[in-house]
Amino acid sequence: MNQAESLLSVRNLTKHFPVAQGLFGRSSSTVQAVNGVSFELKKGETLGLVGESGCGKSTLGRSLLRLIEPTSGSVFFRGEDLTKATAARMRSLRREMQIVFQDPFSSLNPRMSVGEILAEPFLIHRVARGDELKSKVFELLNYVGLPQDSFRRYPHEFSGGQRQRIGIARALALRPQLIVLDEPVSALDVSIQSQILNLLCDLRDQFSLSYVFIAHDLAVIEHISDRVGVMYLGNMVEMASADHLYANARHPYTRALLSAIPQPAMTKSDRPRQILAGDVPSPVNPPSGCVFRTRCPIATELCAREKPAFVEVAPPSTTPHFFACHHA
């Protein structure tokens, strides 16, 4: 897919955080949170990002919207490089790019009513006022399945699932094209998770939204994603369509993650259980070559010497499938 066909095109995106040490806070090392990640996202598509905690998923998601400034690389939104956009231009573009955070309570201002929270985007961007504004807020409440009397209530009066619906309504207010969903259901009960996932799917279809959906739960990712990207220690190690990845995972890390998905006794698959040895290395001092080699059951001397390229399966399959491994 070329850049012109993509809603979002990410090229070698990198984010490193300096680590302050010593009396004067001088930086002597860096946390390599995201390292050279590239991918494309089409209009109406959902890309799931999965990996263990600390692998850089959330940092990547926030860097896409420049909520965190990338260290290097490019993010093209409808062909425009966001990394080169001025502050004024980014304020304008934020109408079309929104984010839903993991914790629905801390992301909502407890001193504002739901009506005020949902009206804020319209007022900031001077889209609506007066009766028109009130009508748009009621419309948002209807979209996410909340009663109209929610208008005057405050976030603490709602359950976790209802608060997340408020966060989704706020993100939807200005009719964005892209929404980054940063672990939007991980803080919710399992029964509520399915309701929120179904709501997100309905809204995606209704408004032709594109999602970057971040989670550590592979079952959730499989349910909502068109394509899945697997991250490890700041690197993208595998990416393919959801169906293809879950049936034909190539990277040892992806296979280990899939084998760890809980299976009901009557529906257990024949996939062998793979237990990863050791701990995740520090992003301050990642391993040389392949970052996964210290835990990989098929690692060789080549893996320590050379970092594998993120390349498409050869010969090309009907479903694009990329991975970074010397031996997969």
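A residue is termed buried when its relative accessible area is under 20%, exposed when that area is over 50%, and partly exposed in between, with a 1.4 Å probe and protein chains only. The structure is a predicted model, in which local features need pLDDT of at least 70 and side-chain atom pairs count only at pLDDT 80 or more, whereas totals for chains, interfaces and linings use all residues. Residues are numbered from 1 along each chain as its sequence is written, and side-chain values use heavy atoms, with hydrogens and water left out.

A disulfide requires a pair of cysteine sulfur atoms within 2.5 Å, and the structure holds zero of them. For cysteine 55, the nearest cysteine sulfur belongs to cysteine 290 and is 14 Å away.

The buried residues are Lys57, Thr59, Leu60, Gly61, Ser63 and Leu64. Just after helix 1, arginine 66 takes a positive phi of about 60°.

Attention now turns to the nonpolar interior. In soluble globular proteins, nonpolar side chains tend to be buried together. A nonpolar core is here a set of buried Ala, Val, Leu, Ile, Met, Phe, Trp, Tyr and Cys residues joined through side-chain atoms within 4.5 Å. The largest such core has 63 residues, of which Leu118 and Phe213 touch the most other members. Helix 6 (residues 190-207) supplies the largest share of this core, six residues. Apart from it lies another core, of 30 residues, among them Val37, Leu47, Leu82 and Leu93. Contact means heavy atoms within 4.5 Å. Leaving aside neighbours within four places in sequence, the contacts of phenylalanine 213 include Leu47, Leu49, Leu181, Leu197, Leu200 and Ile224.

Helix packing can be followed through helix 5. Axes are lines fitted to C-alpha atoms, for helices over the stretch in contact, and angles run from 0 to 180 degrees between N-to-C directions. Helix 3 (residues 114-124) and helix 5 (residues 160-172) pack at about 25°, with their axes 8 Å apart. These two helices are therefore roughly parallel, given that angles under 35 degrees count as roughly parallel, over 145 as roughly antiparallel, 65 to 115 as roughly perpendicular and the rest as oblique. Val114, Ile117, Leu118 and Pro121 of helix 3 meet Ile166, Ala169 and Arg170 of helix 5. Helix 5 also packs with helix 6, at an angle of about 15° and with axes 10 Å apart; this pair is therefore roughly parallel as well. Residues making the contact include Gly161, Arg165, Ile168 and Leu172 of helix 5 and Ile192, Leu199, Leu203 and Phe207 of helix 6.

Two loops complete the account. Most residues other than glycine have a negative phi. Arginine 175, which is not a glycine, has a positive phi of about 55°; this residue lies in the loop between helix 5 and strand 7 (178-182) and is partly exposed, with a relative accessible area of 35%. Leucine 233, also not a glycine, has a positive phi of about 50°. Leucine 233 is placed in the loop between strand 9 (227-232) and strand 10 (235-241) and is buried, with a relative accessible area of 5%.

Notes: Helix = DSSP H or I, 4+ residues; strand = E, 2+ residues; numbered from the N terminus.
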